[in-house]
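Subject: Structure handover

Dear colleague,

Please find the structure below. My notes on what was found in it follow.

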Amino acid sequence: METVLWVTLVVVGVNVLVVAALVAHYVRERRSDDDNQAERMVDLAERFETFSQRRGSIAA
């Protein structure tokens, strides 16, 4: 009976570790996606600013 208890505790412990690893991976991926999206938005803003400046100088 004691062996069954230890085996159950080990199985539950391993499952908890697996779930924790999956959650950490998901959080890391979301954070990376958010950083990439922020970088893309900054890049687009810089491109638009450059385009507006060029268009202004051509019109002048």
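**The salt bridge**

Asp43 forms a salt bridge with Arg47, and their closest N and O atoms are 3.3 Å apart. Please keep in mind that this is a predicted model. A search of the whole structure finds one salt bridge, so the pair just named is the one to look for, given that a side-chain nitrogen of Lys or Arg has to come within 4 Å of a carboxyl oxygen of Asp or Glu. Both Asp43 and Arg47 belong to helix α1, where they are four residues apart, about one turn of the helix. Asp43 is partly exposed, with a relative accessibility of 33%. Arg47 is exposed, at a relative accessible area of 55%.

**The chain as a whole**

The box filled by the C-alpha atoms, taken along the principal axes, is roughly 90 × 5 × 5 Å. The helix, α1, covers residues 2-59.

How much of the protein chain is buried? Buried residues make up 0% of the 60 residues. The protein chain exposes about 5800 Å², and 65% of this area is supplied by carbon and sulfur atoms.

**Surface patches and charges**

There is a nonpolar patch on the surface, formed by Val10, Val14, Val18 and Leu22. Together these residues have about 360 Å² of accessible area. Val10 lies in helix α1 and counts as exposed, because its relative accessibility of 52% is over the 50% cut-off.

A negative surface patch is formed by Glu29, Asp33, Asp34, Asp35 and Glu39. One of these residues, Asp34, has its place in helix α1. Asp34 counts as partly exposed, at 42% relative accessibility.

For the charges overall, the protein chain has 7 positive and 9 negative ones.

**Two distances along the chain**

Val10 and Glu39 are 29 residues apart along the chain, and their C-alpha atoms are separated by 43 Å. Val10 is a member of the nonpolar patch, while Glu39 is a member of the negative one.

The other pair is Gly13 and Met1, which are 12 residues apart in sequence. From C-alpha to C-alpha, Gly13 and Met1 are 19 Å apart in space. Gly13 is found in helix α1. Is Gly13 buried or partly exposed? Gly13 counts as partly exposed, because its relative accessibility is 31%, and buried would mean under 20%.

**In brief**

Regards

Notes
Residues numbered from 1 in each chain as written. Predicted model: local features only at pLDDT ≥ 70, side-chain atom pairs only at ≥ 80, totals over all residues. Heavy atoms only, no water. Buried < 20%, exposed > 50% of the residue type's maximum accessible area, 1.4 Å probe, protein only. Areas by Shrake-Rupley, 256 points an atom, 1.4 Å probe, with all protein chains shown as cover. Lys, Arg positive; Asp, Glu negative; His and termini not counted. Charge placed at Lys NZ, Arg CZ, Asp CG, Glu CD. Patch = residues over 30% accessible without salt bridge, like charges linked within 9 Å, V, L, I, M, F, W, Y side chains within 5 Å. Helix = DSSP H or I, 4+ residues; strand = E, 2+ residues; numbered from the N terminus.
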